[in-house]
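Let us walk through this model together, one feature at a time. Have the sequence and the coordinates open as you read.

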Amino acid sequence: MTDPAVAVRGLTKLFPVPFHRQSVVAVRDLDLRVEPGEVYGLLGPNGSGKSTTLKIILGLVSPTRGRTEIFGRDSRLVESREAVGFLPENPYFYKYLTGEETLRFFGRLCGLGGAPLKNRINELLTLVGLTKARKRRLGTYSKGMLQRIGLAQALIHDPKLVVLDEPTAGVDPAGSREIRDLILDLRRRGITVLLSSHLLAQAQEICDRVGILADGVLVREGRLQELIAIENQTELVIADASPPLVDEIESLINRSNAKLIERRKSTTTLERLFLEATAKNDEARMSNDERITKQK
Amino acid sequence: MTNDRNDLTLQRFPGRRSPGEGGNASTLAKPYRAFSVGRIGAITVNTLTELTRLKVFYFLLVFALLLIGSSMFMAQLTFQQEFQILKDVSLGAMSIFTSLLAIVATARLIPQDIEDRTIYTILAKPVPRLEYLLGKIAGVLLLLAIGTLVMGAVFFLVLYAREQTLVHVTMRQMAAAPREQIDEALRAVRASAFNSDILPGIVIIYLKACLLAALTLFVSTFATTNIFTIVVMAFIYFIGHLQAIAREYWLQEHSSGWISRVFLAVVALIFPDLQAFNLVDDIVAGTAISLGLFFKTAVLGVFYTTIYTLLAAFVFYGKEL
Ligand SMILES: Nc1ncnc2c1ncn2[C@@H]1O[C@H](COP(=O)(O)OP(=O)(O)OP(=O)(O)O)[C@@H](O)[C@H]1O
Ligand SMILES: [Mg+2]
């Protein structure tokens, strides 16, 4: 049997409140298993303990009770982090380093060096679309760009597990779609992804399994399809149907035992609208970037 | 470019890998080693880059200007006096500037990383906390070494320039005098300009700065703000200089039983005897620093630096980030 990518057992974390007797319970009796190769989404409202859980898994915060493992190795051991890439929420890196220098620094921390590291940096900068900004200091990066460099940094040593804390926070729809595609691509390559989010629509698109946290307690867990399917309902989406045809279908339904719950015009999503409207400007945005680089 | 961005399904990556396949190591990185000079080196270089890009080196510019300025208006003194003052001012300034640099540069190093959460990304890599700390302190010690070297070089240049001027003046004034008298006078000028104790003196100044950096690192691991660290360090700095006097007074008043010995040892650990590192007066007076005294002081400096770094590591290990 292979070890799970992440195992959390009986995890409880209390944060003491200064000058108070009782403490904040961030996570309570949490049990979690992420199998190798799956995309697991940890969902929950603000303050439900998602970030705390991820930090404990990475050994950045020590648990009050319980234990966590990565590929069978205790999170408290430094070597458990050997095959993990982590993107913290709202990542913030050294402002005085350029994008390229940042990746080199993190690569060296992972024991990389020389030509392989150089190639890897080029690869990742292309991957996250920051080739033009590679020589700029991170102090001048926008929030979305920081998120991208954070993602590149997490992937620098080609880890087997990637932990992402709200990977799309502060990223525009086009960017977050790219991040989604990237995560799907990681899954295709057999890399395990553990991510946290409160953007449910997005989690729905990419997660194999989700766990829902509320006040530090895991209230739901399971395969996404099973969790969200409404067993006794079916949706039809029809294009170019004439009104008589629709009336006919409706009367067919009424004659049977089934019940028509809703009849409406399909709408596009705001996201799709946004993407369509801004797609043309995408090139303009790029050449804008270019102009800035050329001015320097 | 647009295509490039949207087409994130990269062919660039090597072929797919089945989940959970072979060991825990990633394909690219070498297997994890418990202690890695490479990782420490990466953090050291990064720290040095941070400090230099923060432009702390302007400190050194101030120092150089101060030196050159002070040697301008000493023309009316005898050359012995002039060299004495020059050395006194320069070595004193070097001592203060390196100490200041050590405290200011170190105080914000770790709290800043914690506040900005950059520390999360670093410690989420396979980097032991001890290595992180060692890399940081090594960066500061390297900065201090560069600083001391630059200041030392400016000092020697000024000293050399004054010496050359004096040699020329002496030769002109004594043009008529016999050969031996001229040689005699020049020897006197050279002797009062350079003495062999300057170099060990500078080494001791550097070690004092190292000690202060390590102590600052220790204080900053449990301090809540940078201001706290700097105030505490200013306090320790002054107490540290007065400590020796206080100790003598204490020993006069109390018997030297083991309780007071332990007490004094604890005090000496919290407030290192900084006066012991003050060899400037001896150098200026021209009294030779014995080899024994030099080594004793040097060992003391290295010892304190090590102890404080280990104490910092100890506190840092249990720290909730
Ligand atoms: N260092 C800390 N000290 C005290 N309390 C903390 C600390 N870190 C987190 N908490 C508390 O623990 C709880 C969980 O926080 P956490 O950051 O894990 O939530 P989250 O699910 O990530 O929320 P968000 O969606 O806003 O990021 C919160 O009530 C928070 O106030
Ligand atoms: Mg969070």
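Helix α1 of chain A, residues 50-57, lies across β1, β2 and β4 of chain A and runs at about 115 degrees to β1(A). Helices (H or I, at least four residues) and strands (E, at least two) are DSSP runs numbered from the N terminus. Axes are lines fitted to C-alpha atoms, for helices over the stretch in contact, with angles from 0 to 180 degrees between N-to-C directions; contact means heavy atoms within 4.5 Å. This is a predicted model, in which local features need pLDDT of at least 70, side-chain atom pairs count only at pLDDT 80 or more, and totals for chains, interfaces and linings use all residues. Residues are numbered from 1 along each chain as its sequence is written, chains are lettered from A and ligands numbered from 1 in the order in which they are written, and side-chain values use heavy atoms, leaving out hydrogens and water.

Now to the sheet. In chain A, 4 strands form an open sheet in the order β2-β1-β4-β5, with antiparallel pairing. Because β2 (23-34) and β5 (73-74) of chain A stand at the edges with a single partner strand each, one side of each has no neighbour in the sheet. Two strands pair if DSSP finds at least two bridges between them; β1 (residues 6-16) and β4 (residues 65-70) of chain A have 5. Thr12(A) stands opposite Arg65(A) in β4(A).

In chain B, Ser90(B) belongs to helix α4, residues 79-107. Ser90(B) is buried, with a relative accessible area of 0% (buried means under 20%, exposed over 50%, partly exposed in between, with a 1.4 Å probe and protein chains only). Beyond neighbours within four places in sequence, Ser90(B) contacts Phe63(B), Leu67(B) and Phe155(B).
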